[in-house]
Amino acid sequence: MKERPTDNCPICSSHEEKVTNQVLNFLQKKTFAKNTMIFDQQEDARGLYLVSKGSVKISKISPAGKEIVLQILGPGKTFGEGSILGQDKNADAATALEASEVFYIPKKDFQTILVESPLLYQSVVTSLVRWMDNLNTVIENINTPSAKDRVWMYICRLGEQQAKPLIKLDGKKHDVALMLGLRPETFSRALAELEEEGLIRMNHKQIQIIERAETN
């Protein structure tokens, strides 16, 4: 059976076939070149997006004009859930970090499906809760003064999420560094320190966690 865009979507994949088919009927495929903005902060919130290929950066510009990277999303990840539940303006911006394919469903169409499927509504709320958990992580990173500790906490979270012997960063080093509130060179230096201490082992673009210990 041919894979469908919704098969890896945490919001849509676990629902009955009728609901999935309704979502598929409304989906619109969009492609974005590298570094293309998908939507900007404070633009009208138009609907739900599902990453199919590539990666998307969700970021926010602080009052001081500094970019804060909130999350880097790969295939199967969604964004824009707030629009489905009544958000009028985008609270953040979305940018394609590489050539990306994204499926989009206008909020009015998705809201029509929600009326007939309360379980789908629950899935959207669950996705927003995960987003709030991620924001808490971003705040935790900002409040952790040590660059090494920030990077170690990030790597441990990746290890739990990916559950593999070798884990991959969820974006390019430059973008991950921004997400952690660090300069790229500071991020690289923290990785080197963790490797020197025997906590991780670098393997090209992959990282092996050697010991889940507390850093000082």
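Predicted model: local features only at pLDDT ≥ 70, side-chain atom pairs only at ≥ 80, totals over all residues.
Residues are numbered from 1 along each chain as its sequence is written, and side-chain values use heavy atoms, leaving out hydrogens and water.

So what does K57 pair with? K57 forms a salt bridge with E67, with 3.0 Å between the closest N and O atoms. The rule for a salt bridge is a side-chain nitrogen of Lys or Arg within 4 Å of a carboxyl oxygen of Asp or Glu. E67 sits in strand β5 (residues 67-73) and K57 in strand β4 (residues 56-61), so this pair ties together parts that are ten residues apart in sequence. A word on labels: helices (H or I, at least four residues) and strands (E, at least two) are DSSP runs, numbered from the N terminus.

How many salt bridges does the rule give? The count comes to six. Another one of them joins D44 to K89, whose closest N and O atoms are 2.6 Å apart. D44 belongs to the loop between β2 (37-39) and β3, and K89 to the loop between α2 and β7 (93-96), so here the tie spans 45 residues of sequence. Both ends are partly exposed, D44 at 42% and K89 at 41%. R46 and E43 also meet through their side chains, at 3.7 Å from N to O. R46 is partly exposed at 43% relative accessibility, and E43 is partly exposed at 31%.

On to the sheet. Four strands make an open sheet, in the order β1-β8-β3-β6, with antiparallel pairing. β1 (28-32) and β6 (78-79) are the edge strands, each with a single partner, so one side of each has no neighbour in the sheet. Two strands count as paired if DSSP finds at least two bridges between them. Between β3 (residues 47-53) and β8 (residues 100-106), which run antiparallel, there are six bridges. Within that pairing, L50 has F103 in β8 as its bridge partner.

F39 is buried at 4% relative accessible area, and Y49 is buried at 5%. Y49 also pairs with F79: centres 4.9 Å apart and planes at 5°, so these two are stacked. That link runs from strand β3 to strand β6, 30 residues apart, and F79 is buried, at 4%. Together, F39, Y49, F79 and Y104 form one aromatic cluster.

Finally, the helices. α3 (residues 107-116) lies across β3 and β8, at about 60° to β8; axes are lines fitted to C-alpha atoms, for helices over the stretch in contact, and angles run from 0 to 180 degrees between N-to-C directions. Which α3 residues are buried? They are F110, I113 and L114. Down the axis of α3 these fall within an arc of 105°, so they line one face of the helix; the arc is that of the directions from the helix axis to the C-beta atoms. The other side of α3 has K108, V115 and E116 exposed. Packing against the buried residues of α3 are α1 (17-26), β3, α2 (81-84), β8 and α4 (118-142), where contact means heavy atoms within 4.5 Å.

α1 has its own buried set: V19, T20, Q22 and V23. Their arc is 160°, so they line one face of α1. Turned away from that buried side are the exposed residues K18 and N25. The cover over the buried residues of α1 includes β8, α3 and α4.

Conventions
Buried < 20%, exposed > 50% of the residue type's maximum accessible area, 1.4 Å probe, protein only. Phe/Tyr/Trp six-rings, centres within 6.5 Å; stacked < 30°, edge-to-face > 60°.
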